[in-house]
Amino acid sequence: MTHQRTLSFTLNGRPVTATARTHETILEVLQRDFGLFGARESCGQGLCGCCTLLVNGTAVSGCLYLAAFADGAELVTVEGLARGGTQHPIQCAFVEKSGFQCGFCTPGMILMTKELLGRHPRPTDEQIRHYLSGNLCRCATYPDIIESVRRAAELV
Amino acid sequence: MGSLDFARGREVGRSLGRLEAAAKVDGTVEYIHNLRLPGMLHGRIHRSSIPHGRIVRIDTSAALAVAGVHAVVTADDVARLVPDPYYGPAFHDQPILATGKVRHVGEPVAVVLADNPHAAEEAADLVAVEYEPLEAVFDEVAAAAPDAPVLHDELRPAGMFTDLKHLAGRRDTNVALDARLRSGDVEQAFAEAEHVFEHTFRTGKVMHAAFEPMVTVAEPHAAGGLTIHTASQSPSFVRSEISRLLGWPENRVRVRTAFLGGGFGAKLYIKLEAMAAVCALLARRPVRIALSMDEQFYTITKHGATVRIKTGVARDGRMTARQVETFWNGGAYADIGPRVTQKSGFSAAGPYDIEHVALDNYAVYTNEPPAGALRGFGISQLVWAYERQADVIARTLGIDPLEFRRRNALRNGRPHATGTVVVGMEVDAVLDRLAEAMAWDKPFDRGTGTIRRGRGIGIGVKACVSPTTSTAAVHIYGDGSCAVHCSTVDMGQGSDTTMAQIAAEVLGIPTTDVRVVHPDTDVTPYDMATLGSRSTFHMGNAVRRAAEDARAQIERMAPGATSFRDAMLARFAMQAGTVVGFGSYAPSYQKPDPETGLSANITPFWMLGGAGAEVEVDTETGRITVTKLVNVADVGRAINPASVERQLTGAAIMQLGFTLFEEMVFSDGQVLNASLADYKIPGFLDVPRELTGTFVEAPHPEGPFGAKGVGETGIFSPSPAIANALYDATGVMLYDMPLTPERVLRAIREAGGRPLEQA
Amino acid sequence: MKAFELVEPATIDDAIALLDAGDPGVRAVAGGSALVPMMKARLFQPTRLVSLRRIGGALRGIHAGDGGLRIGALATLTELEHSTRVRDAAPVMSRALRTLSNVRIRNVATLGGHLAHGDPHMDLPPILLTLGARVRVAGRGGERWIDINDLFLGYYQTAVAAGELITEVHVSAQPHDARTWYEKFTALSADDWPTVGAAVWYRTAGDRIGEARVAVSAATERPVRIAAAEQILTGAAPSAETFGAAADAAAAAVDPLADIRGSAAYKREMVRVHVRRALEKAR
C-alpha cells in the first residue's frame, strides 16, 4: 500500500517504528504516536519555527516535513536534549536569561540555537539575528532570546 | 527559633525567573493545544465565502460521504440543543453557527466531525452552501449612515457585565452603541481659542496572531455534564455563557485552561467553546476544534477606526477644548466592541488637562470579521490620533514637543474629562524619564542625502476597566506547603510567578515554594477575565487578601509556631487538614451619567505610557528603520521588574509591527493576506538596535504592594512616536496606519512636488 | 491534506517513468518546502508524489571546473550557502543565500526545486539570469539543456515539461573582472519575501562597460532580463548618470503586478531604485 508507510527511525537516541499515512507530517506522528508536543504547529508554513526539529542533525520545519521522509533518519526534538535528567546547556541559558514568555516558540529557538552553535560556536550578534531570523516570537521576547543565545555560547 | 517570620518582604520587587521555566524549555509545558482524549472527534469549520447573504440551502451529502466523517453539524442541529443560539459579552448577536444568514467572509456555517483532522478538512471543503447575496458594507463611517445595509435586525443586550448594563436594545441600525462624554462647552471654547486644529486619523485592522492558535476540546460526561478544556483568557465567563446557552446551572459546566501560547485579547469570551460544546453533546463524544493560524484572521481582529479630532489651543500653548468623533469598525458581531468603544472612547482627551471636552464614539457593525480586544483595547487607535495631532500643534506653534506635553499634562488631584479626580498617575516622572532616555536636550543628527533621521515622542493614557471582580484562595496543606487557586490565565505575561510572589511575600516563604493552580472552574474561584492589564491589580489584591486570611488563620490556630508545618501539626496532630484563606477584590465605581458620561469614580487606576523613537527614513523607498525605541511606563510598583521590562519591550515590538507593516488587507470582505506568509509580523531583524523598556514607580494607594497593571502600557505610544519621528525627519505627515513604505514614499514625493502616479 | 501515492524511486530513469503519467496530479518532490505548503492550502492535491530523496550521486554535489559550477539538482540551498566553490565562483550567490527564506527551509530546499517552482519571489533566478546558466533536464525522450533565459515562462510556469526533471544546473564560469550584485528589497518585515529583486552583472573594458546584464524579479510575474537597461550600460562609462539611465530604462520596461506589498507604480519605482543601487554596489 503506497498510501501508508511503516517507518523506522531514531527518535531522541532510541530506535522506533511508526505507521503513517503519506499525507501526514512528522509533527502529527510525533504527537500522536510518541506524545511529544515540544515541536508544535503554529503558522503551518515553515515561517515561525515553532515546529522545529532536527533531522540528521539539521533543523527542519516539522509542519512541512512529510512523515515518510523520516524513514531511516535520526530525529531529535527538544525533549531529547536533556541528558540523564540534566538540562542541555542551551536550555539552562534560556532559563537563566528568561528567553521566553508564553513559551510556544521556545523549543524552536533552542533547537535553532543548537544548529547555530554547531556552525558558529562563538556567534556574533549579527550571526545570531540572521540565523534565528526564521524563528518568530509573537511575545517579541527577542532581546532576551539573544541574551540567552549569547549565554548558551558560553555554556556549551 | 523565633515565630513565623511574616515580615521577610523578600519576594515582591525581585526579578525572579518563571516558575514554569523548566517545562517551557524542555517542551513539556501544558497547553490545551496538546490535549488528546480517547474517542475524540476532530471538528473542522466550513466557513462563509461571501460577506453578507441569506443561506438558501446547505448540502452536506458529499461531506458525509468522506471516509472517517462522523457528522456534519449545521444551525439546524444546533437549534435542537440550543433554541436561542446567540451569544456575546455585550449583545447576544453571534450565532453558534450561521443561522439564516452570514454576515462576514469566514463566518462558521457548519462543522464537520471526523475521526482524523485530514478527513474533517477534506469534508469541510465539500459542504456546499447556496447563498442569496445581500448588499454588504465595510467602511465604519459608511456603515453608520442611515441608508447603509443593516446587519442585525434587532440587537439584544447581554446584560451580564456591570459596566455594560447601560446597553439598550436597538433595531434597524448598525450602530451598536453611541457613547458620549460632555464636559464644559466646547463650542464656546473653540470660538475663543487662538488656534483650532482639525484632523482625521485612521488605523487599519490588525490581528493578534497568538502562536498557539485557538483550540477547544469539549468533553461530555455520561452523567450529564460537560468539561470544556480551552485556551481561553476568560474561563469564568465561558462557564456562565455556556450554561446560559444550554439552560444548565453553572455547576454542570467545568471550564479549565492551561498555559496559553499567547492571547493578547484574542482568546476572550466565547470563541470556539460554544461550537465545540454543542458538537460534543450532539456526538456524545469529545470534540476538538483547533484553528489554523490562517483561520484566526476570520475569528477576531483589532478594531480599525476613523478618528476625527478637533482641538482648540490658547495663545500660551495650552489646550482648552477637544472634540473627538470616533467610528469603531466592529465587524459583523459586537464581541466586546461596545466596551472598547466606551472605555477607550472616554480617554480621547489623553493625559491632558483640557477644560472643555466633547467625545462621541460609535461602535459600528460592518461585514468584516468581528473585532474585539487587542492589547490596549482601543487606546492605541486614539493615541495615534491625539499624539500625532499634538506634534502638529507643537510644531505649528513653535513649541518643543516635550514641553508642549508638559505644559498640558494632567496631574494628580486634577479632574479628568470624565470628572474623576486623578490619583496615582505620574505624568511628570514619565516625561522626565522619557526625556532622559531619549537624550532630548542633546543635539540630534538629522542625516543627509537619501537617509534622513528624526526623533519623536508620544504619551498615552488608559483607565483600567471597572468595575470587575477577582477572587482567590490560598491553601495551606497538612505538610505546610502552599497553593494559590486563582482563575487568572498565564498566557505568557508571567502571572503565575507574579501571584506566587505576592502570596510568598505575605506568607514569608520563598516564591518557588508556592504552587499556582491553573484555572479550573470546578476548583479555582471566579475571576472576571485576564484582560485589560487588570490581573496584577485586581487578582493581586485578591491573592494578597487570601494569603493574609490564611496567615491570620494559622496565627490564630497555632500561635508561636515557627513554620506552617508545625502549625498544621499543632492543630491536626498529624500531617492532615487544609487551611483555606479567601480573598476577593472589587474596586468601588460610579456608573457614568448616560447623558454626559461623567463619573466621580470611573476607574481604579490610570495607566500611563510614554514612548520615544528614533528613525532612519530611506527617502527613495519610503522604508522606515526604527533605530531606537523607548517605552516608559508608570507601574505603581513593579512586583517583578524584569517581567515588567519584558512586557514593555515585547509590547513595543508588537506595536512596531502594527505601526510599520501589519494590516489585514480586504477586498469585498475577503482577507487577502490571511496567513503569516503575507501578514508579516516583526522578527529578529526588525528589532531596533536600541530597545528599552523602563518604568517609574510611585506606589498606588490601592494596588497590591502599590502595583498597577502594565501588560498593555507599552502598546499605547510607539505608533505616534515613530510617526512623529518620521515627521521630524522628513516633514511628512501621515494620518493612516500602518506607515508602509509606499505610503511614506507617496507622501514624500507629494511634498516634493513629484507625486508618484496612482495605481 | 488528502491521501496520495508516494513513490521513492532509486534512479533517475525510474523517477521519470513514474513522473510521466499524463496526470497533472503527479509531481516530483525533493525537500517539499514549496510543495507541502501548497498541499496544505489545498492549492495542489497530488495523486502521486515522486520523491527524489533515494536518488543518490548523480543529482548531488557541487563541482567547480573551467566551465563553471556544476550543481546537482538535489543540492540543498544550505549546501550552496556554505560551499567554498560557490563562494569562489559566484560570491553573489553565497551572499543572497544568507537571507533566502530561513535556515530550516534552506536545509531541505534544493536548487532544482527552487528553479522548478517558478515562483517569481525566489532569489536565485535573477542572479542566475545575470551570471549565465543552463539547466539540464531529463525526460522520457532523453536529456536536454534549457538556457536559464528560456526557463521562466510565467507566473509559476517554467519550460520544464510534465514528466521532466531538472537534474543539474550549470553556472557559467565567471570572468575575473565581472562585477555582480543582488539587491533585495522587502516592503513589510525585514524577513519578508522580496518586493523587488534586482541582479546585475557587468564587465568593464578600459573605462567603458563592455557587457552588462540586468535582471529583475518579484515585482514581475517572472524573473526577467531587462534588455533596454543592458543596452544603455553596454559601451557607456560606469557613472552615476549611466546607472541612473539604465535604472530608468528598467523601470520603464517592467510590467509590475500590484499586490498587498505595493501598487504597480510603487513597484516600478522600486525597480528603478534597486537596479540603480545594485549597479552602484556591484563589485
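Start where chain B meets chain A: two salt bridges cross between them (a salt bridge is a side-chain nitrogen of Lys or Arg within 4 Å of a carboxyl oxygen of Asp or Glu). This is a predicted model, in which local features need pLDDT of at least 70 and side-chain atom pairs count only at pLDDT 80 or more, while totals for chains, interfaces and linings use all residues. Residues are numbered from 1 along each chain as its sequence is written, chains are lettered from A and ligands numbered from 1 in the order in which they are written, and side-chain values use heavy atoms, with hydrogens and water left out.

**Stop 1: chain B against chain A**

Select A:Asp144 and B:Arg646. They form a salt bridge, with the closest N and O atoms 3.4 Å apart. Now show the polar contacts. Between chain B and chain A, 17 residue pairs are in polar contact, both residues at pLDDT 80 or more. A polar contact is a pair of N or O atoms within 3.5 Å; within protein, one must be able to donate a hydrogen and the other to accept it, and residues adjacent in sequence count only if both atoms are side-chain atoms.

Which helices of chain B each supply at least two residues to the side that touches chain A? Colour H1 (21-26), H9 (293-296) and H17 (641-660). Helices (H or I, at least four residues) and strands (E, at least two) are DSSP runs, numbered from the N terminus. H17(B) gives the largest share of that side, six residues. By class, the side of chain B that touches chain A has 25 nonpolar, 13 polar and nine charged residues. Here Ala, Val, Leu, Ile, Met, Phe, Trp, Tyr, Cys and Pro count as nonpolar, Asp, Glu, Lys and Arg as charged, and the others, Gly among them, as polar.

47 residues of chain B are in contact with 48 residues of chain A, contact meaning heavy atoms within 4.5 Å. The two chains bury about 3,800 Å² between them, 62% of it on carbon and sulfur atoms. Buried area is the accessible area (1.4 Å probe) that two parts lose on being put together, summed over both. Pick out B:Val25, B:Phe211 and B:Phe684. In chain B, these three lose the most area to chain A, together 24% of what that side buries.

**Stop 2: chain C against chain A**

Move to chain C. Here 30 residues from chain C and 34 residues from chain A make the contact. Chain C and chain A bury about 2,500 Å² between them, 58% of it on carbon and sulfur atoms. Select C:Leu6, C:Lys40 and C:Arg104. They supply 26% of the area that chain C buries against chain A, more than any other three residues.

How many salt bridges lie across the interface of chain C and chain A? The rule finds three. Zoom in on A:Glu41 and C:Lys40, whose side chains meet in a salt bridge (2.8 Å, N to O). Between chain C and chain A, 16 residue pairs are in polar contact, both at pLDDT 80 or more. On the chain C side, at least two residues each come from strand E1 (5-7), helix H2 (35-40), strand E3 (48-51), helix H3 (77-82) and helix H6 (103-108). H6(C) gives the most, with five residues. The side of chain C that touches chain A divides into 14 nonpolar, eight polar and eight charged residues.

**Stop 3: inside chain A**

Colour chain A by domain: domain 1 is 4-80 and domain 2 is 89-155. These bounds come from an automatic or database domain assignment. The domain centres, taken over C-alpha atoms, are 21 Å apart. The contact takes 17 residues from domain 1 of chain A and 14 from domain 2 of chain A. The two domains bury about 1,200 Å² between them, 63% of it on carbon and sulfur atoms. The salt bridge count between them is zero.

**Stop 4: a sheet in chain B**

Return to chain B and show the open sheet of five strands. The order is E22-E23-E28-E29-E32, with mixed pairing. E22 (447-448) and E32 (690-696) are the edge strands, each pairing on one side only. Two strands pair if DSSP finds at least two bridges between them. Two bridges join E22(B) to E23(B) (residues 451-463), and these strands run antiparallel. Select B:Thr448: its bridge partner in E23(B) is B:Ile451.

**Stop 5: backbone details in chain B**

Follow chain B to B:Ser466 and B:Pro467, joined by a cis peptide bond with omega about -5°. B:Pro467 sits in the loop between E23 and strand E24 (470-476) of chain B. Finish at B:Arg284, where phi is near 55°, a positive value in a residue other than glycine. B:Arg284 lies in the loop between helix H8 (273-283) and strand E16 (287-290) of chain B.
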